[in-house]
Amino acid sequence: MGEDKLLMRLPNGELLVERPAGALASVCGTCCSVRRAQAPAFVPEGFEDLLDVEPGGGPLAGVVSAVKHARTPWVLVVGGDMPALDGRFLRAFMDLAEREPHFALMVGGRRLEPLPLALPMALANEVIQRFQLGERTLRRAVPASRLRLAEPHQLPVHGERAPWL
């Protein structure tokens, strides 16, 4: 592609990254944008700019950076390339997550979707330890015994397309 896809313009002129950032900001009091050191430093307004804890560490490096920086009971992780996310969906997702504060939440259904991810700080050390031991995938970063799945029918979907597709 040759360019950072997050900086691509949508038909309405908005940057791709601005939609999920806006949805996240509508639900969370503190937001950060995690990026690779060599990535352009576009940071949505009101977001803190964080670097991956390990260059080339994949999405899990970004999650670990956010977890290490967090001062809240939960870390809600979304991808910058998820323009179908909206605040209503994320609020419903967090409402489901907060019912079981010792379990992480991902979307289930036909297949496990790694994002969005609601990660309680109660699991932070386990996720960091798995990363330090070499794990690089979000799907395996949370122990299966500490993971709950939200079924798609439990969450409001805007339009016909689910936000994780």
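Contact here means heavy atoms within 4.5 Å. I kept that cut-off beside me while going through this predicted model.

**Entry 1: H2 against H4**

I began with helix H2, residues 58-69, and helix H4, residues 124-132. Their axes come within 10 Å and cross at roughly 140°. That makes H2 oblique to H4, since an angle has to be over 145 degrees to count as roughly antiparallel. I noted the crossing of this pair as left-handed.

Which residues of H2 meet H4? On the H2 side I found Leu60, Ala61, Val64, Val67 and Lys68. Facing them from H4 are Ala124, Val127, Ile128 and Phe131. I sorted the residues of this contact by class and got eight nonpolar, no polar and one charged.

**Entry 2: H1 against H3**

Next I turned to helix H1 (18-27) and helix H3 (87-98). The axes of H1 and H3 come within 8 Å, and they cross at roughly 50°. H1 is therefore oblique to H3. Is the crossing left-handed or right-handed? I have H1 passing H3 in a right-handed crossing.

From H1, the residues in contact are Ala23, Leu24, Ser26 and Val27. They meet Gly87, Leu90, Arg91 and Met94 of H3. The classes in the contact of H1 with H3 come to five nonpolar, two polar and one charged.

**Entry 3: the largest pocket**

I then looked up the largest pocket, and its volume came out at about 1,400 Å³. How many residues line this pocket? The lining holds 50 residues, and those nearest the pocket centre are Cys32, Ser33, Val34, Val77 and Val78.

I also checked which elements contribute to the lining. H1, strand E1 (32-35), H2, strand E3 (74-77) and H3 each supply at least two residues.

**Entry 4: a cis peptide bond**

Where is the cis peptide bond? I found the bond joining Leu115 and Pro116, with omega at about 0°. Pro116 is found in strand E5, which covers residues 113-120.

Notes: Residues numbered from 1 in each chain as written. Predicted model: local features only at pLDDT ≥ 70, side-chain atom pairs only at ≥ 80, totals over all residues. Heavy atoms only, no water. Axes fitted to C-alpha atoms, helices over the stretch in contact; angles between N-to-C directions. Helix = DSSP H or I, 4+ residues; strand = E, 2+ residues; numbered from the N terminus. Parallel < 35°, antiparallel > 145°, perpendicular 65-115°, else oblique. Left-handed = near helix turned anticlockwise from the far one by under 90°. Nonpolar A, V, L, I, M, F, W, Y, C, P; charged D, E, K, R; others polar. 1 Å grid on protein atoms, 1.4 Å probe; cavity = no way out; pocket = protein on both sides within 12 Å on 5 of 7 lines; lining within 4 Å. Points joined across faces, edges and corners; volume = space filled by probe spheres on them.
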